[in-house]
Amino acid sequence: EVGGINDAFPQVSSIVDLVKVTDCTGMGAYKVAYVKTGASAAKQTEGAAVTESTPVYDFVTITPETAAVVTYISKQVRKQSPLNYTEKVRASSLTALRKYADKLIITQAKASALTQKMTVSAIAADTLRKLALSYGGDLGVEGSAVLVLNKANLIKFGDIRGTQEKKPVFEIIPDSNPNTGVIKDGGLAVKYVLDNNLADTELLYGNPMCFELGLFSDYEIAVSDDAAITKLMLTIVGDVMLGGAVVVKNGLILATVGAAS
């Protein structure tokens, strides 16, 4: 007997499921408007004209790109093994497309002119507080933001100790989903998401819904007996058309950091 085709650890960051997803099927491109500057009121003198103030709008254009993956599996494997390798390869192809979407999200978020840029000298006791309180403009603190970081930087947060009792400054509480969790700093609790597309010198913070992922097609997986029929191979092809962009001014913060202190 044989059994199991055991999965590895998580292969795709949960950020793919947290961003705003829009169905763009049939579109050649998708324009998303955002407020660049708002209107402002001014004192009006009786009999005088009101000072004109017009809000300024702009837009970002989301254009599609195609991601594809192809895998072959022999027909002998399908005939001789009681394990469903074909279905496993299909699932692996879908994972590969979602990994591509993950990389696109992080790449576009880092490059966007709408992403607020800041620098912190190191991952230190005040880093999380600076990020959380810097986000949301001058008049508010956005409570639905998440911290996106790689695993090495999550370990750095956990390694920080107080100066007196040498106790951990941050409490890290993983969710049942091992890719996400919460970092607590006293009364401040911030959800985190692990993503290996961020470098050790990068932290991304903000509300994921400020990033819009346009799906110009579904994630599609096709299996063909014909493409490599003379080799007795099944061909499994996956593809998706997608694009994405930050669609809110200062909707995300990209922090560049130094070594852990």
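The lining of the largest pocket divides into 4 nonpolar, 6 polar and 5 charged residues, where Ala, Val, Leu, Ile, Met, Phe, Trp, Tyr, Cys and Pro count as nonpolar, Asp, Glu, Lys and Arg as charged, and the others, Gly among them, as polar. The structure is a predicted model, in which local features require pLDDT of at least 70 and side-chain atom pairs count only at pLDDT 80 or more, whereas totals for chains, interfaces and linings use all residues. Residues are numbered from 1 along each chain as its sequence is written, and side-chain values use heavy atoms, with hydrogens and water left out.

The largest pocket holds about 340 Å³ of space. A pocket is defined on a 1 Å grid over the protein atoms alone as an open set of points where a 1.4 Å probe fits, with protein on both sides within 12 Å along at least five of seven lines; its lining residues have an atom within 4 Å of a point. Grid points are joined across faces, edges and corners, and the volume is the space filled by probe spheres set on the points. Of the 15 lining residues, Pro-10, Asn-179, Leu-194, Asp-195 and Asn-196 are the closest to the pocket centre. Helix α3 (residues 85-111) contributes the largest share of the lining, 3 residues; helices (H or I, at least four residues) and strands (E, at least two) are DSSP runs numbered from the N terminus.

The structure contains 5 salt bridges, each a side-chain nitrogen of Lys or Arg within 4 Å of a carboxyl oxygen of Asp or Glu. In one of them, Asp-17 pairs with Arg-98, with the closest N and O atoms 3.1 Å apart. Because Asp-17 belongs to helix α1 (residues 15-18) and Arg-98 to helix α3, this pair ties together parts that are 81 residues apart in sequence. Asp-17 is exposed, at 52% relative accessibility, while Arg-98 is partly exposed at 22%; buried denotes under 20% relative accessible area, exposed over 50%, and partly exposed the range in between (1.4 Å probe, protein chains only).

A salt bridge also joins Asp-185 to Arg-129, where the closest N and O atoms are 3.0 Å apart. This pair links distant parts of the chain, with Asp-185 in strand β8 (residues 180-185) and Arg-129 in helix α4 (residues 127-134), 56 residues apart. Asp-185 is buried, at 13% relative accessibility, whereas Arg-129 is partly exposed, at 37%. In a further salt bridge, Lys-130 pairs with Asp-126 at 3.2 Å between the closest N and O atoms. Lys-130 is partly exposed, with a relative accessible area of 42%, and Asp-126 is partly exposed, with 27%.
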